[in-house]
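Biologist: Please take me through the ligand site in close detail. Then carry on to the residues beyond it.

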Amino acid sequence: MSTYLIIGASTGIGKKLADQLVDSGHRVYATYFKNKPTDPGSIEYHYLNVLDENIQFDFVSESLDGLVYCPGSINLRPFARIKPADFVDDFNLQVTGAIKSIQAALPRLKKAENSSIVLFSTVAVQTGFPFHTQVSASKGAVEGLTRALAAEFAPNIRVNCIAPSLTDTPLAAPLLNTDQKREANALRHPLKKTGTTQNIADMADFLLSGKGSWISGQIFHVDGGMSSLRV
Ligand SMILES: NC(=O)c1ccc[n+]([C@@H]2O[C@H](COP(=O)([O-])OP(=O)(O)OC[C@H]3O[C@@H](n4cnc5c(N)ncnc54)[C@H](OP(=O)(O)O)[C@@H]3O)[C@@H](O)[C@H]2O)c1
């Protein structure tokens, strides 16, 4: 049995991953922000706003085998209409929040053997899409953070990143809230589907587990072929 901390596990990918890890017999500490889960099962939920100045994980056990950071945003707008402060807000949620979380969890991650950190980027870093500057700028920083941290933390802590394309979660709801949008978005992908939380949670689960024990500093494109195929 391993012990994991998932930041942002009340909805979406984090929730699916937390359920999956608990079902496999692991101990999962998880956080919520606005949506407190009504039926937590054996997941141990705690409130956390990653924008707070100080982040502490006093509620977590002494040793942690893995940390997953899920908070993110998809703000799509023409570049000319985005204020510099909007870029900073995005950076604070996606990058500074991850930095604070990793720093707060580090003593516990160091106590475990071969612990693992999983971060999230987006398909829109590898491939340029119009109206994606806000999300791409901060997720690009997440990818840089992943590689630099992986080097600094080797050989004891592995650091990897998953870069999904459009995945059916509350975050992506505005892009998938009609049958027409669902179909059009599915057809944009070489594999003719949008992602499910299961698709992404499976990769995170793999990277946390011993099966990923020789992998660090990588960006995994779980994206229906979007970033690499032209069909
Ligand atoms: N879904 C996609 O299409 C897609 C595509 C590419 C990349 N991604 C990335 O994948 C990751 C997971 O996305 P998702 O779709 O699963 O997102 P989601 O459904 O919006 O879940 C995000 C989680 O983060 C928590 N959270 C949000 N703001 C927070 C804050 N200030 N402090 C602490 N927790 C906060 C939310 O808590 P509450 O709900 O309790 O507020 C929720 O548990 C994100 O980094 C996202 O950028 C997603």
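**The ligand site**

Modeller: A polar backbone atom of Phe-33 lies 2.8 Å from an oxygen atom of the ligand. This is a predicted model: local features need pLDDT of at least 70, side-chain atom pairs count only at pLDDT 80 or more, and totals for chains, interfaces and linings use all residues. Residues are numbered from 1 along each chain as its sequence is written, and side-chain values use heavy atoms, with hydrogens and water left out.

For Ala-9, the distance from a backbone N or O atom to a ligand oxygen is 3.5 Å. Alone, the ligand exposes 900 Å², and the protein buries 93% of that. These areas use the Shrake-Rupley method with a 1.4 Å probe.

The shell holds 32 residues. The closest are Ser-10, Lys-34, Asn-35, Thr-167 and Thr-169. Helices α1 (12-23) and α2 (84-111) each supply at least two shell residues. Helices here are DSSP runs of H or I with at least four residues; strands are E runs of at least two.

The ligand sits in the largest pocket. "Sits" means that more than half of its atoms lie within 2 Å of the pocket's grid points. A pocket is an open set of points on a 1 Å grid over the protein atoms alone, where a 1.4 Å probe fits, with protein on both sides within 12 Å along at least five of seven lines.

Helix α2 leads on to Ser-73, in the loop between β4 (66-69) and α2. Ser-73 counts as buried because its relative accessibility is 10%. Buried means under 20% (1.4 Å probe, protein chains only). The Ser-73 side chain makes a polar contact of 2.9 Å with that of Asp-90. Another, of 3.2 Å, joins it to the Gln-94 side chain. A polar contact is a pair of N or O atoms within 3.5 Å; within protein, one must be able to donate a hydrogen and the other to accept it, and residues adjacent in sequence count only if both atoms are side-chain atoms.

Ile-6 is in strand β1 (residues 3-7). Ile-6 is buried, at 0% relative accessible area.

Now the cysteines. Cys-70 is buried at 18%, and Cys-161 at 0%. Their sulfurs are 11 Å apart, too far for a bond. A disulfide needs two cysteine sulfur atoms within 2.5 Å. The count is 0 disulfides.

Methods:
Buried < 20%, exposed > 50% of the residue type's maximum accessible area, 1.4 Å probe, protein only. Near = heavy atom within 4 Å. 1 Å grid on protein atoms, 1.4 Å probe; cavity = no way out; pocket = protein on both sides within 12 Å on 5 of 7 lines; lining within 4 Å.
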